[in-house]
Amino acid sequence: MTRTVWVKADDAVGDWEQRKRRITAGIEAGVDWVLVDESDVPRVRELGDVNVAAFRADADVVDEAEPEDDADAARADAYIVGKDGEGDGTISMPEDLSGSADLSTLRRRDDRAQGVYTRILDERYEAFAEAAAADAEYTIVVGEDWTIIPLENLIARVGEETHLVAGVTSAAEAQTAFETLESGSDGVLVDADSPDAIRGAVEARDAAERERLELSYATVTEVEQAGMADRVCIDTGSLMDHDEGMLVGSMSRGLFFVHAETAESPYVASRPFRVNAGAVHAYVRTPDGGTKYLAGLKSGDEVQVVDTEGRTREAIVGRVKIEKRPMFRVEAEVETDDGVDRVETLLQNAETIKVATSEGRTAVTDLEAGDEIALYYEDVARHFGESVEESIIEK
């Protein structure tokens with residue numbers, strides 16, 4: 001499921017300057033869509049790169065009068081029915097939904113509208129939204145007195161038929177919408193002027209999409225000096241917290257947690273954007289659940305940042321720094337259902353490289369046999385970074 005954040009910026013918000021502030025705040029925060037009146041589409045295009053959904057001004061008329069050169073700028077990425085119609089209660093909802101003008105427009109073969117906007121005023125509007133979901137690519141529902149129960153009902157009933165977008169007015173409501181019934185809504189429509197509310201909704205979207213990993217402990221069996229090797233530092237475009245780092249290792253099935261260089265020392269300044277990840281041959285885990293060789297990383301690539309609780313996020317590589325350095329070979333044993341498995345990696349011989357152990361943050365120079373070291377163990381083989389059902393021996 002791809003989660004989305006939409007910003008509502010139609011004429012109900014206010015004049016163009018008010019709408020423009022919302023749209024600009026949304027683009028700067030990283031929203032996926034803005035929802036505006038059809039006449040504002042060209043102006044939104046001038047503000048930035050974002051998907052534009054438009055309330056269809058007249059569902060029964062397609063404007064052919066646009067100059068050909070301006071057609072793309074004036075055309076929305078998706079058209080929505082329901083405003084000033086049955087969806088928002090402006091026109092009475094028919095007893096028999098087969099007579100609904102909004103639903104008829106939605107079902108037209110000329111693809112005049114791709115979505116529907118519905119205010120959930122009572123059970124009839126909930127039924128209307130459910131009926132629309134069968135044909136709508138996007139189903140936007142805005143609760144009135146009740147918000148959670150209708151959303152739960154629709155999440156349970158429509159499944160994957162549509163991209164279900166819930167109306168919210170705050171970051172807290174966005175988080176609730178993304179978590180409702182565990183699976184949550186596919187998207188949220190933010191109706192708020194506050195840039196903080198819009199940014200908070202984007203943060204809630206990102207949190208809902210992030211993978212949560214189950215880290216475990218392996219028993220260190222050997223730490224030995226391994227001579228010189230080409231060592232890779234991954235410098236990201238993000239600052240990492242004290243409990244964050246990356247998962248790296250010589251064997252894809254067992255990736256060791258290596259802390260970011262967030263700690264101060266008497267000799268070296270902290271570099272909270274950096275993970276000293278090991279030798280060029282090693283793997284690093286990526287946000288899609290795959291791996292990449294450290295030697296293959298370059299500026300613009302994405303890597304996965306993970307904290308000691310297994311919470312993940314993505315970071316962009318800004319620079320990869322490769323230098324010859326003395327290395328340790330760290331070997332550990334993992335208890336599995338089939339017995340004991342051995343995994344290992346090469347890490348630079350330096351006090352600034354810290355790993356996570358059961359005793360806390362530990363310099364690799366202080367690591368000893370018998371210590372319990374944190375890692376992510378996944379009993380899979382990999383081919384070009386993708387997991388495969390294949391027997392591969394790594395030693």
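**Entry 1**

I began with strand S5 (residues 115-120), which is mostly covered, since five of its six residues are buried, where buried stands for under 20% relative accessible area, exposed for over 50% and partly exposed for the range in between (1.4 Å probe, protein chains only). The model is a predicted one, in which local features need pLDDT of at least 70 and side-chain atom pairs count only at pLDDT 80 or more, while totals for chains, interfaces and linings use all residues. I number residues from 1 along each chain as its sequence is written, and side-chain values use heavy atoms, with hydrogens and water left out. Helices (H or I, at least four residues) and strands (E, at least two) are DSSP runs numbered from the N terminus.

I then looked up the pairing of S5 and found two bridges that join it to strand S4 (residues 78-81), the two running parallel; two strands are taken to pair if DSSP finds at least two bridges between them. Val-81 has Val-116 in S5 as its bridge partner.

In the loop between S4 and helix H4 (101-106) I noted Asp-84, which has a positive phi of about 55 degrees although it is not a glycine. Asp-84 is exposed, with a relative accessible area of 53%.

**Entry 1: aromatic rings**

I record a pair of aromatic rings by the distance of the centres and the angle of the planes. Rings of Phe, Tyr and Trp (its six-membered ring) pair if their centres lie within 6.5 Å, and planes under 30 degrees apart count as stacked, over 60 as edge-to-face and the rest as tilted. By this rule I have five aromatic pairs. One of them is formed by Trp-6 and Trp-33, which are stacked at 4.7 Å centre to centre with 10 degrees between the planes. This pair links distant parts of the chain, with Trp-6 in strand S1 and Trp-33 in strand S2 (residues 33-37), 27 residues apart.

Trp-6 is buried at a relative accessible area of 0%, and Trp-33 is buried at 8%. The rings of Trp-33 and Tyr-138 have centres 5.2 Å apart and planes at 65 degrees, so I list this pair as edge-to-face. Because Trp-33 lies in strand S2 and Tyr-138 in strand S6 (residues 138-143), the pair ties together parts that are 105 residues apart in sequence. Tyr-138 is buried, as is Trp-33, and Trp-6, Trp-33 and Tyr-138 form one aromatic cluster.

I also looked for charges over rings, which requires NZ of Lys or CZ of Arg within 6 Å of the ring centre and within 35 degrees of the ring normal. Arg-43 lies over the face of Trp-16, 4.2 Å from the ring centre, and the charged end of Arg-56 sits over the ring of Tyr-79, 3.9 Å from its centre.

**Entry 2: helix H8**

Does the length of H8 agree or disagree with its residue count? At 1.5 Å a residue, the 15 residues of helix H8 (residues 195-209) should span 21 Å, and the end C-alpha atoms are 21 Å apart, which agrees; the expected span is 1.5 Å times one less than the number of residues.

In H8 I find Ala-197, Ile-198, Gly-200, Ala-201, Val-202, Ala-204 and Arg-205 buried, and what covers the buried residues includes strand S1 (4-8), helix H1 (16-29), helix H7 (171-179) and strand S8 (187-190).

Val-248 is found in strand S10 (residues 244-251) and is buried, with a relative accessible area of 0%. Leaving aside neighbours within four places in sequence, I find Val-248 in contact with Leu-255, Phe-256, Val-258, Ala-277, Tyr-283 and Val-284, contact being heavy atoms within 4.5 Å.

Strand S18 (residues 354-357) is covered on both faces, with Lys-354 and Ala-356 buried on one side and Val-355 and Thr-357 buried on the other. Four bridges join S18 to strand S19 (residues 360-363), the two running antiparallel, and they form a hairpin with two residues between them. Ala-356 stands opposite Arg-361 in S19.

**Entry 3: the whole chain**
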